[in-house]
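Visitor: I am new to this structure and should like to know the grounds for the terms applied to it. May we look at it together?

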Amino acid sequence: MEERRRRAWAAALALLVIGGLSAWLRAPGFTQGGFASHDVAGILHGAMLLHDGALPYVDSIELKAPGTFYLAALLAGPGGTDIAAFQVWANLWALASLGVVAAIAWRLWGPAAAVVAALLYGLHDAHLDSMDANYVTWAQLPLVAAVGAALVAPRAATRRRELGWWVAAGLLAGAAALLKRPAGVGGVVVMAMALWPGAGERTSIKARVLAVLAGGLGSHLPVALHYAAAGELGALVDGYLRSRWGMRYVSQGGEPFGLAAIEEGMLATAFFVALPLALALFAAVPPRDREARRITMGLALWSLGTLAVAWVGLRFYKGYFLAVSAPLCLWAAAPWGLLGASCRVRRWGRWVLLLPALLLALRQLAVLEHQRVDRDRPHDQGGRVIAKVVSGDRRPGDRIWVWGWHLWDVYPLTGMRSASRVYKSLGLLTPPNDDTWRRPASRLRFVDGEAAAILLEDLQASRPAWIVLGSTVPRAEFRALNDFLREHYLLERKVRLGRVQFWHRRDRAQAQRAAAAARRAEPAAP
C-alpha cells in the first residue's frame, strides 16, 4: 500500500510538471492577446450578435455551430469583443483537456499510464490547436470528457452512478457538437459504446441508450429555449442541423476525391500524429479479458471516428487532428502497449522499437518550438490599422461591412457589427476555400448568387458608415457592388494599406472633410 501511494504521488508530481511545461509553452497564447486565426473573429461576431439581442442564423448567415458564440458572450468581456481575455480562457480550456486525458488514463490503468498519456498529448496539442481560441480548442474538452465518461461508466460502484456517467457522456457529447459539428462524432462513439453488450453488468442497453439521449438533448435545451423564446426555433434547426451553407464547404474545395486524396490524407495523418499513432498500433491487440477488449473497442471507435471526421472535406487542416490525438495518446498509454508495464515485447526489442519513437518525440519538440515562435508574432496588425481608421468618426449604432477573410478581425476590434447578414464571404460571395494542409488556395473568384443578392439588399437598407474591401477579393467582378459604392460612397485615397480599399459613406465623408476644412480656415490663436 505504501509503495502504491508513493507511485501515485510521484505520478501526480510528474503530471504537475507536464501541465506546468504545457502552460509555459502556451505563454504566447496567454499574453499575445490578438487574433492568431481570423476564424476566431467570426466567433466574437456571433457573441456581439447575442449581446445586442440578435441571433446567429437569423441576423447572420452562419456556417458554424452556435455553442462557441455563447461561450464568447460569457468569456470575451463586455460586448463579447475582448480577444485577449478569450485567448486566455481558450488556453486554460486546452490545459483542462490535457488534464482530462490524464484523468481518463489514470482511471482506466493507473498513475503510470496517466503520465504517459499526458506526456504524449502534451507533445502535440499546443501545435494542433495553435494555442488559439478556435473552434477545435473549445470542442476538444467536452469531446474528450464525453468518451472518457463512457469508458469509465461500467466501473461505477452502483447502477445509479453508472447511469449518471452515461447521462454525463451524452451531455458532454452534445456540448461538443454544439461547439463544432464534426465533434458530434463523439456522440456516435458514445452511443456505440452504450450499445455494446458488455458495457455494463448493472444496466441494460435500453437504459444506457436512454441515458445518453437524455444527456444529449439536455445539452441542447438551453440554446433551443433561447431561440424558441424569440420565435426562431426553425432558424436554429435550419442553420445548425441542416446547414445548407455549411454543406457547400464540406462538398466543395479541398483535394479532388480519388487516390490522390487518400494519399494526401495518409500523409497528413502521419505528419501530424505519427508518434501516438505508431505507439497505439503496438497496443491494438489487447489481452484476452473482457474489460481490456471493451476499452480497446472504445478507443478504436474513437480514433477511427475522429480520423474520419478529420478527412471530411479533404483539406486535412492540422486543427482537425487535435481530436484524433487524444484517443491515440490514451491508446498508446495502455499497459499492454510498448510503453506499458505489461508489454509482451522483450526488453531489448522494446528499446530497439522505442528509438524511432524517441526521434519522433524530438521532432515534435522542434515543431512545438516553431509553433511557439509563430504564435508569439502578431497576426492581426492589418486588422488593427483598419479598425483605427474606421473608428475615427464612429457614432452610436454604426455598422460596417468588410470583405476578406483577413478583415473579419475588424468587427470585434471596432465593436461594430456587420451591416449585412453576409458578414463572411468564403463559400458565399466566393467559392469555399480550396487550400489544404500543404497547398495554398487558388485565386478567389466572385459567385453571383443568393448571398450576393442578400448582401446588396442589406447594404441598401443599412448604408454602413464604412465598407472595406480586402486586397485579394475579386471586387472588380462584383459590378453591382461597385455601382452601389460609386453612388453612395467616397473612396478614401489618403488612407493607404496595400491594395485595401476604404469606402466612406458619402454624407459622412463630406461632413468630415468640411469639418476639417473649417478647422484649417480658423485663424490661429494670438
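Guide: Please note that this is a predicted model. On its surface, Leu-13, Leu-16, Val-17, Leu-21 and Trp-24 form a nonpolar patch, with about 570 Å² of accessible area together.

Visitor: Why is Leu-13 called exposed?

Guide: Leu-13, placed in helix H1, has a relative accessibility of 54%. Exposed means over 50%, so Leu-13 counts as exposed.

Visitor: How do you know that the span of helix H11 agrees with its number of residues?

Guide: Helix H11 (residues 205–229) has 25 residues, which at 1.5 Å a residue should span 36 Å. Its end C-alpha atoms are 35 Å apart, which agrees.

Visitor: What makes the contact between Arg-26 and Asp-129 a salt bridge?

Guide: The closest N and O atoms of Arg-26 and Asp-129 are 2.7 Å apart. The limit is 4 Å, so the pair qualifies. The pair links distant parts of the chain, 103 residues apart.

Visitor: Why is Arg-26 called buried, and why Asp-129?

Guide: Buried means under 20% relative accessible area. Arg-26 has 0%, and is therefore buried; Asp-129 has 4%, and is therefore buried as well.

Visitor: Why are Arg-242 and Asp-238 said to be separated by about one helical turn?

Guide: They are four residues apart in helix H12, which means a separation of about one helical turn. Arg-242 is exposed at 58%, whereas Asp-238, at 34%, counts as partly exposed.

Notes: Residues numbered from 1 in each chain as written. Predicted model: local features only at pLDDT ≥ 70, side-chain atom pairs only at ≥ 80, totals over all residues. Heavy atoms only, no water. Patch = residues over 30% accessible without salt bridge, like charges linked within 9 Å, V, L, I, M, F, W, Y side chains within 5 Å. Areas by Shrake-Rupley, 256 points an atom, 1.4 Å probe, with all protein chains shown as cover. Salt bridge = Lys/Arg side-chain N within 4 Å of Asp/Glu carboxyl O. Helix = DSSP H or I, 4+ residues; strand = E, 2+ residues; numbered from the N terminus. Buried < 20%, exposed > 50% of the residue type's maximum accessible area, 1.4 Å probe, protein only. Expected span 1.5 Å × (residues − 1).
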